[in-house]
Amino acid sequence: MSTGQWVAACAADALQPEELLRFDHGGLTLVIARSPEGGYFAIDGHCSHEKVHLADGIVDGHIIECPKHFGTFDYRTGEARALPACIDLRSYEVKVESDTVFVKI
Ligand code: FES
């Protein structure tokens, strides 16, 4: 459980299901994902294998595939799911209020 602050990341309608959006805040870069069911999730944006941004990857269900070597992550938890990605990414709490997606950073 993070003890950070809620930060507005994007408009809720900026993301359709199975789309990704890069969100930079302070020194952090995140990727925000919208699930097929319409939920919003946020994890660290850089692949844990090399420093490639996952916002440029492909979504399949609840999985982001890294655009460089096709390692995969579950964007609901940040869990690395397929090699060469083997280090989990940090996930962040997300909420939607007033048609805006907020991330707890
Ligand atoms: S940079 Fe993502 S799997 Fe290699």
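Strands, as the term is used here, are DSSP runs of E with at least two residues, numbered from the N terminus. In these terms, S98 is found in the loop between β10 (94–97) and β11 (100–104), a stretch to which the description returns below. The model is a predicted one.

The protein has eleven strands and zero helices, and its elements, read from the N terminus on, accordingly run β-β-β-β-β-β-β-β-β-β-β. The C-alpha trace spans about 40 × 25 × 20 Å along its principal axes. Of the 105 residues, 43% are buried, while the accessible surface comes to about 5600 Å², with 48% of that area belonging to carbon and sulfur atoms. Among the contacts with a separation of 6 or more, 42% are accounted for by residues 24 or more positions apart.

Four of the strands form an open sheet, in which the order is β2-β3-β4-β9 and the pairing is antiparallel. Because β2 (20–25) and β9 (91–92) stand at the edges and each has a single partner strand, one side of each is left without a neighbour in the sheet. The pairing of β2 with β3 (residues 28–34) is antiparallel and extends over six bridges; within it, H25 has L28 of β3 as its bridge partner.

A further set of pairings involves β11, a strand that is mostly covered, with four of its five residues buried. On the one hand, β11 pairs with β1 (residues 6–11) in the antiparallel sense over five bridges, and in β11 the residue opposite A11 is T100. On the other hand, β11 pairs with β10, likewise in the antiparallel sense, over four bridges, and here V96 stands opposite V101 of β11. The strands β10 and β11 form a hairpin with two residues between them, and in this hairpin S98 takes a positive phi near 50°, a positive value in a residue other than glycine. With a relative accessible area of 70%, S98 is exposed.

Further backbone features were found in other loops. F70, in the loop between β6 (63–65) and β7 (72–74), also has a positive phi, near 70°, and is a residue other than glycine. In the loop between β8 (80–82) and β9, which holds P84, the peptide bond from L83 to P84 is cis, with omega near 5°.

The loop between β4 (40–44) and β5 (58–60) contains H46, which counts as partly exposed at a relative accessibility of 25%. When residues up to four places away in sequence are not counted, H46 touches T29, K51, V52, H53, L54 and L89. The C-alpha atom of H46 is separated by 11 Å from that of G78, a residue 32 positions apart from H46 along the chain.

Definitions and conventions:
Residues are numbered from 1 along each chain as its sequence is written. This is a predicted model: local features need pLDDT of at least 70, side-chain atom pairs count only at pLDDT 80 or more; totals for chains, interfaces and linings use all residues. Side-chain values use heavy atoms; hydrogens and water are left out. Two strands pair if DSSP finds at least two bridges between them. Buried means under 20% relative accessible area, exposed over 50%, partly exposed in between (1.4 Å probe, protein chains only). Contact means heavy atoms within 4.5 Å. Accessible areas come from the Shrake-Rupley method with a 1.4 Å probe; for residues, only the protein chains shown count as cover.
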